[in-house]
Amino acid sequence: MDTEATLSSLPRVPGPGRPVPEAEPGLVERWRSGGGELVELLSQVRERFGGIAAFRLGPAPTVLVTDPQAVQHVLARHPERYVKRSHRARLLIGDGVLAATGEAWKRQRRLLQSQFTGTGMRRYEQRITEAARTTAVRWDTYARTGQTLDVGREMRRFALDAIWRSLTGHPLDDGTERELGAVATVAEALPTLPADAADAQNTVAADLARIDAVARHAIEAARSGAAGPDGPGLLHVLIDAATERPEYTDRLIRDELVTLLAAGHETTATTLTWLYLLLDRYPAAREQALAAGGEGSTQRRQAIQALVHETLRLYPSAWILPRHATEDDTLAGYAVEAGTDILICPYLTHRDPELWPDPEHFAPRRFITPDGRPTHPGAYLPFGIGPRACLGLQFALRESTVLLEHLLPVHTLTFSSTPMKAVYGITVRPDGPTPATLEPPLT
């Protein structure tokens with residue numbers, strides 16, 4: 001996203017809709033002189049002009065959308081009018097399902113959809129549980145020895161183990177974990193890479209080569225028919241598809257594998273890291289979740305899920321969702337011209353005080369108490385909504401819940417230091433390490 005933004009008035013759009021409210025040019029000049037994050041500019045625009053506001057990012061007209069009805073109009077009701085163009089992560093994920101468009105996206109989405117709902121999800125339940133148990137055993141050791149751990153790294157290690165087991169049937173080993181650290185390195189670098197495609201490629205070439213080598217080895221192993229100890233994984237589904245669908249070349253299989261690795265662990269790890277940082281500030285929330293019911297009870301599970309949902313409200317996996325208007329349209333009474341860039345911002349929608357009372361407060365009971373949260377589907381969308389909503393929603397919620405069921409009753413974290421701010425890149429992540437120690441387990 002181009003943060004060298006300049007605000008100017010959009011041209012008046014003929015048609016039945018009203019002109020979109022326009023932010024004055026001076027607003028961006030003050031923002032630029034302060035050197036702030038893009039989210040700060042967008043926050044000021046929303047606060048001044050409401051849930052639909054017009055401005056320019058560079059030469060292209062742009063409309064910021066945070067109003068729930070308008071969000072649903074763009075993402076769910078008329079996705080054919082507001083399309084996803086080139087994905088910022090294409091350098092990393094290639095033509096994987098996140099970056100694909102048109103008919104290619106429909107085919108790829110159809111193949112993967114069944115793997116992340118219903119019966120498909122049940123195939124991966126045990127693998128997620130084993131990854132959680134492995135993490136719990138490791139944390140028991142940290143607690144006994146007093147060793148300092150980095151919560152962010154631990155969450156990435158767990159989430160990567162869960163998705164790796166689901167993809168390949170193998171638990172994550174140290175060497176693979178080390179090499180796949182390049183996925184996070186490239187993802188974090190994407191917003192700051194050179195605009196020129198060749199220069200950007202060269203900047204992260206070594207990390208991409210490491211990722212490609214892991215992917216190539218995994219594909220070759222799966223193709224040889226050697227299933228892991230947990231049985232065949234999702235990678236085998238992709239390889240089997242290649243026997244009937246010529247578009248599933250080794251390159252596309254690689255792109256889907258890396259897409260699932262990147263989307264399947266980084267967002268979950270970031271959510272869990274934020275959750276533990278929030279529990280450090282609001283320790284009563286942990287106690288309330290555990291007191292909701294006994295081990296394995298529906299009540300406790302719902303309370304833990306509420307912790308996850310409230311974390312996702314404050315730090316949504318997809319904090320900003322760009323779209324492009326392919327035709328003239330009327331959006332919540334406002335005229336939008338074909339060619340306009342649209343920015344859906346779940347981060348700001350989730351912090352709208354008209355939708356979420358006391359929005360900056362961490363209050364998981366919003367997701368348990370009747371009428372505790374807005375019911376409009378466009379008011380809460382941490383994974384997006386509509387046909388391009390995140391495929392891995394159920395997977396991410398399940399692995400987060402299972403891990404917390406293992407860790408929360410046993411371990412209490414004490415942070416040595418906590419990051420002072422967030423970084424708004426592909427995800428919203430803490431800016432800095434998260435060192436902590438664990439209290440010794442009760443005997």
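**Figure 1. The surface and overall build of the chain.** The chain has an accessible surface of about 19,200 Å², and carbon and sulfur atoms own 51% of that area. Such areas come from the Shrake-Rupley method with a 1.4 Å probe, and for residues only the protein chains shown count as cover. This is a predicted model, in which local features need pLDDT of at least 70 and side-chain atom pairs count only at pLDDT 80 or more, while totals for chains, interfaces and linings use all residues. Residues are numbered from 1 along each chain as its sequence is written, and side-chain values use heavy atoms, leaving out hydrogens and water. Of the 443 residues, 54% count as buried (under 20% relative accessible area; over 50% is exposed, and in between is partly exposed, with a 1.4 Å probe and protein chains only). You can count 17 helices and twelve strands here; these are DSSP runs numbered from the N terminus, with helices being H or I of at least four residues and strands E of at least two.

**Figure 2. The second largest pocket.** About 370 Å³ of space lies in this pocket. On a 1 Å grid over the protein atoms alone, a pocket is an open set of points with protein on both sides within 12 Å along at least five of seven lines, whereas in a cavity a 1.4 Å probe fits but cannot get out; lining residues have an atom within 4 Å of a point. Points are joined across faces, edges and corners, and a volume is the space filled by probe spheres set on them. The second largest pocket has 21 lining residues, with G152, R153, R156, E188 and E266 nearest its centre. Helix 8 (151-168), helix 9 (174-189), helix 13 (250-281) and strand 11 (428-430) each give at least two residues to this lining. Its residues comprise six nonpolar, seven polar and eight charged (Ala, Val, Leu, Ile, Met, Phe, Trp, Tyr, Cys and Pro are nonpolar, Asp, Glu, Lys and Arg charged, and the others, Gly among them, polar).

**Figure 3. The second largest cavity.** Here the volume is about 40 Å³. Look for T267, T268, T271, F383 and S400, which are among the lining residues. Helix 13, helix 15 (298-314) and helix 17 (393-407) each supply at least two residues of this lining. The lining holds five nonpolar and five polar residues, but no charged ones.

**Figure 4. T249 in its loop.** T249 sits between helix 12 (234-242) and helix 13. Its relative accessibility is 38%, so T249 counts as partly exposed. I239 is ten residues from T249 in sequence, and their C-alpha atoms are 8.9 Å apart.
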